[in-house]
Amino acid sequence: MYQRDRLTGLSLLGAAVAAWLVVAYVLTRLDPVGDPGALLAGALALGSAVALTLTPLFWLSVFARARRIAYWGDWLRAGRRGALVGLLVALFVILRGQDMFSLPLALFIIAMAVLVELTLSLRR
């Protein structure tokens, strides 16, 4: 692990702490019942906080699985996976806020996300 990997991981975790503070502010100060802007702000804040938290964890899991060897493109792949999970979380929050959330729809969205990740991570 290089110094840039440590610095990237720590800076992403620091940004995740700041994003979770924004989530706490949105959850305690804004009411999404009558305000669709508050619902969107909460969904974006929660999605970005989850994405920023999971990106270094995805990279660390690949780093540990590769016997402590950092390969070129691991951070991009981890960032893509974190962004995909953050997008799913934001979409679920928006669907729940609009009372449109259902189990078949959630399973379909998760299946589509898995299909996107499998398509993008195919090795030739």
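**Ground rules**

I number residues from 1 along each chain as its sequence is written. In this predicted model, local features need pLDDT of at least 70 and side-chain atom pairs count only at pLDDT 80 or more, while totals for chains, interfaces and linings use all residues; side-chain values use heavy atoms, with hydrogens and water left out.

**Entry 1: overall layout**

I started with the secondary structure. The protein has four helices and zero strands. Its pattern along the sequence is α-α-α-α. Helices here are DSSP runs of H or I with at least four residues, strands are runs of E with at least two, and both are numbered from the N terminus.

I then looked up the extent. The C-alpha atoms fill a box of roughly 50 × 30 × 15 Å, taken along the principal axes. Of the 124 residues, 28% are buried. Buried means under 20% relative accessible area, exposed means over 50%, and partly exposed lies in between (1.4 Å probe, protein chains only).

**Entry 2: how the helices pack**

Two packed helices are described by the angle between their axes and the distance between the axes. The axes are lines fitted to C-alpha atoms, for helices over the stretch in contact, and the angles run from 0 to 180 degrees between N-to-C directions.

I took α1 and α2 to begin with. Their axes come within 8 Å and cross at roughly 155°. The two helices are therefore roughly antiparallel (angles over 145 degrees; under 35 is roughly parallel, 65 to 115 roughly perpendicular, the rest oblique). The crossing of α1 and α2 is left-handed. A crossing is left-handed if the near helix is turned anticlockwise from the far one by less than a right angle, and right-handed if clockwise. The contact of α1 with α2 has 18 nonpolar, five polar and one charged residues. For these classes, Ala, Val, Leu, Ile, Met, Phe, Trp, Tyr, Cys and Pro count as nonpolar, Asp, Glu, Lys and Arg as charged, and the others, Gly among them, as polar.

Next I checked α2 and α3. They pack at an angle of about 150°, with axes 7 Å apart. That makes α2 roughly antiparallel to α3. The crossing of α2 and α3 is right-handed. Their contact has 19 nonpolar, six polar and two charged residues.

I ended with α3 and α4. Their angle is about 165°, and the axes are 11 Å apart. So α3 and α4 are roughly antiparallel as well. Their crossing is right-handed.

**Entry 3: the largest pocket**

Rolling a probe the size of a water molecule over the atoms shows where empty space is left. On a 1 Å grid over the protein atoms alone, a pocket is an open set of points where a 1.4 Å probe fits, with protein on both sides within 12 Å along at least five of seven lines; lining residues have an atom within 4 Å of a point.

The largest pocket has a volume of about 180 Å³. A volume is the space filled by probe spheres set on the points, which are joined across faces, edges and corners. Which helix gives the most to this lining? I found α2, with six residues. Both α1 (3-29) and α2 (36-65) supply at least two residues. The lining residues include V23, L30, P32, G42 and V93. By class, the lining has eleven nonpolar, one polar and no charged residues.

**Entry 4: the second largest pocket**

The second largest pocket has a volume of about 150 Å³. Ten residues line it, and R4, Y71, W72, G73 and W75 are the closest to its centre. At least two lining residues come from each of α1 and α3 (74-97). The largest share, three residues, is from α3. By class, this lining has six nonpolar, one polar and three charged residues.

**Entry 5: single residues**

I looked up A19 in helix α1. A19 is buried, with a relative accessible area of 10%. Its C-alpha atom is 10.0 Å from that of L44, 25 residues apart along the chain.

I then turned to the loop between α3 and α4, where D99 sits. Phi of D99 is near 55°, a positive value in a residue other than glycine. D99 counts as exposed, at 65% relative accessibility.

F101 lies in the loop between α3 and α4 (103-120). F101 counts as partly exposed, at 40% relative accessibility.
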